[in-house]
Amino acid sequence: MKKIAPSILSADFSKLGEEIAAVEKGGADWIHVDVMDGHFVPNITIGPPVVKSVRKATKLPLDVHLMIENPELYIPEFRKAGADYISIHPESTPHLQRALAMIRESGAKASVALNPATPLFVLDHVWDDIDMILIMTVNPGFGGQKFIPEMKNKIQSLKKKIERANSKILLEIDGGVNVENVGELAALGVDVFVAGSAIFESKNYQQTISAMKNNCK
Ligand code: DX5
Ligand code: ZN
């Protein structure tokens, strides 16, 4: 079953609790939380205190996407705040394997997030340290950007690698996913779809999420 993970980056932060309740009621599977530090990406968002509040607002798994430099400094804190999945970018740390091991040691699931231009081979020697791979289908930093078509090839190559390894690693994509393109992407073998603007800028979250799920079938 494909999972839909609304990204709260596009939610109305003045009523975040209500927004989260609405997507949970609307059939969301996970809640995706974008953490940006203004260094790794050209935007600043939220930190552990907000994740802690989000944790109180929902029972759904929290999928925390760290777009921050030296994530190892903050991994325990985000786990304590309630993160279930933690994604980190290989360019953000000189010690990717160590940081991934830290995520698992903290009790969370470990994930590597790859920017559009970052090749799949950076995963070659951390294959056993990861539970999920997040393919960025836009350059990270902002919601509401267009899906980069070349990423379809990357998704297909990664799916083949996962299948060849007979691995349970989940494949997640993030950026520019909407009701129109989700079906084609589901057919490529994506397991988890992050969607921000497509959901939070729609009139009816429930209708949008169920349309996405229907188009995945
Ligand atoms: C981008 C973030 C995404 C973003 C996706 O840096 O990682 O999670 O919220 O937004 P949409 O779905 O609008 O492209
Ligand atoms: Zn994200």
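**Reading a predicted fold and its zinc site**

Q: Where is the place of asparagine 166?
A: Helices (H or I, at least four residues) and strands (E, at least two) are DSSP runs, numbered from the N terminus. Asparagine 166 lies in the loop between α5 (151–164) and β7. The model is predicted, so local features need pLDDT of at least 70 and side-chain atom pairs count only at pLDDT 80 or more, while totals for chains, interfaces and linings use all residues. Residues are numbered from 1 along each chain as its sequence is written, chains are lettered from A and ligands numbered from 1 in the order in which they are written, and side-chain values use heavy atoms, leaving out hydrogens and water.

Q: Is asparagine 166 buried or exposed?
A: Buried means under 20% relative accessible area, exposed over 50%, and partly exposed in between (1.4 Å probe, protein chains only). Asparagine 166 has a relative accessible area of 71% and is therefore exposed. Its phi is positive, about 50 degrees, although it is not a glycine.

Q: Which residues of β2 are buried on each side?
A: Ile31, Val33 and Val35 are buried on one side, and His32, Asp34 and Met36 on the other.

Q: How many bridges join β2 to strand β3?
A: Two strands pair if DSSP finds at least two bridges between them. Here 6 bridges join β2 to β3 (residues 62–67), and the two strands run parallel. The chain passes from β2 through helix α2 (residues 48–57) to β3 in a right-handed β-α-β crossover (with the strands pointing away from the viewer, the path from the first strand over the helix to the second runs clockwise).

Q: Which residues coordinate the zinc ion (ligand 2)?
A: Donors are N, O and S atoms within 2.8 Å of the metal (3.2 Å for Na, K and Ca); water is not among the atoms, so sites may look incomplete. His32 (NE2), Asp34 (OD), His65 (ND1) and Asp174 (OD) coordinate this zinc ion at 2.0 to 2.3 Å.

Q: What is the geometry of the site of the zinc ion (ligand 2)?
A: Ideal angles for six octahedral donors are 90 or 180 degrees. Six donors count as octahedral if opposite donors are over 155 degrees apart and all others between 65 and 115. The site of the zinc ion (ligand 2) is octahedral, with angles of 70 to 168 degrees among its 6 donor atoms.

Key:
Four donors count as tetrahedral if all angles lie between 85 and 135 degrees; four count as square planar and six as octahedral if opposite donors are over 155 degrees apart and all others between 65 and 115; anything else is irregular.
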